[in-house]
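Here are my notes for you, jotted down as I went through the side chains. Have the viewer open while you read.

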Amino acid sequence: MINKIITMIAAAAMVTAAGGAVYADSCGVFRRDNDAAKAVVDKYMEAVMKSYRGDDVSFRGIVKEGCDFWYYNEYNNELIGSISRCAGLADEADYTVDYSGLTYSGSSYTVTADVTQHIKYRGMDEPIDRTTRHTFTVAQDGCEMYIVSDDAGGAGNLLTISDIL
């Protein structure tokens, strides 16, 4: 009789633990990967800065295709690339990202960071540096992560032609 009670208690404990694990996984606890979310932001910024150097850049695998932010990037990549080529390419096009916050909810990451762009074209005396606070939304789709939005507080997501000229 005592063995049956102990077996039932052990079985109940295992069911409770399994239920907790399933709930935690549905909340993304086991799939959460903050470093991978930051790596997607770094990969995105590297692609953006390549466009200032006049390189042909694709945002495939970085930005979720079909969302508004995808079209925003495709348009601006062409614009920046043509400006860069007309200006003789950027001699310097670099960036730094200082992460100040990262939250996770329902297979979506919100990454808050200060992004500093550093651009210098030939013929310019001084490089242009601009730091903007960005809030990236990174969506997790299975094992893949994509940026679906970049809110830069109304300041614009990228350094523009008026900033450069």
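**Notes on the side chains**

1. Starting with the cysteines: Cys67 comes out at 16% relative accessibility, so it counts as buried, the limit being under 20%. Cys143 is another story, since its relative accessible area of 81% makes it exposed. As for disulfides, the structure holds zero. Do keep in mind that this is a predicted model.

2. On to the rings. How many aromatic pairs does a search of the whole structure find? The count is five. Take Tyr44 and Phe136: their ring centres sit 6.0 Å apart and the planes meet at 70°, so this pair is edge-to-face, as the angle is over 60 degrees. The pair also ties together distant parts of the chain, with Tyr44 in helix 2 (residues 34-52) and Phe136 in strand 3 (residues 128-141), 92 residues apart. Tyr44 is buried at a relative accessible area of 0%, and Phe136 is buried with 0% too.

3. Phe69 and Tyr72 also make an aromatic pair, and here the rings are stacked, with 5.9 Å from centre to centre and 10° between the planes. Both residues belong to helix 3 (residues 68-86), where they are three residues apart, or about one turn of the helix. Is each one buried or exposed? Phe69 has 7% relative accessibility and counts as buried. Tyr72 has 27%, so it counts as partly exposed, that class lying between the 20% and 50% limits.

4. Now put the rings together. Which residues do ring pairs link into a cluster? They are Tyr44, Phe59, Phe69, Tyr72 and Phe136.

5. Lys38 lies over the face of Tyr99, and the distance from the ring centre is 5.2 Å.

6. Last, Ser51. This residue is placed in helix 2, and with 2% relative accessibility it counts as buried. What does its side chain find there? A polar atom of the Ser51 side chain lies 2.5 Å from the backbone oxygen of Val48. Leaving aside neighbours within four places in sequence, Ser51 is in contact with Val57, Asn77, Ile80, Gly81 and Ser84.

Terms used
Residues are numbered from 1 along each chain as its sequence is written. This is a predicted model: local features need pLDDT of at least 70, side-chain atom pairs count only at pLDDT 80 or more; totals for chains, interfaces and linings use all residues. Side-chain values use heavy atoms; hydrogens and water are left out. Rings of Phe, Tyr and Trp (its six-membered ring) pair if their centres lie within 6.5 Å; planes under 30 degrees apart count as stacked, over 60 as edge-to-face and the rest as tilted. Helices (H or I, at least four residues) and strands (E, at least two) are DSSP runs, numbered from the N terminus. Buried means under 20% relative accessible area, exposed over 50%, partly exposed in between (1.4 Å probe, protein chains only). A charge sits over a ring if NZ of Lys or CZ of Arg is within 6 Å of the ring centre and within 35 degrees of the ring normal. A polar contact is a pair of N or O atoms within 3.5 Å; within protein, one must be able to donate a hydrogen and the other to accept it, and residues adjacent in sequence count only if both atoms are side-chain atoms. Contact means heavy atoms within 4.5 Å. A disulfide is a pair of cysteine sulfur atoms within 2.5 Å.
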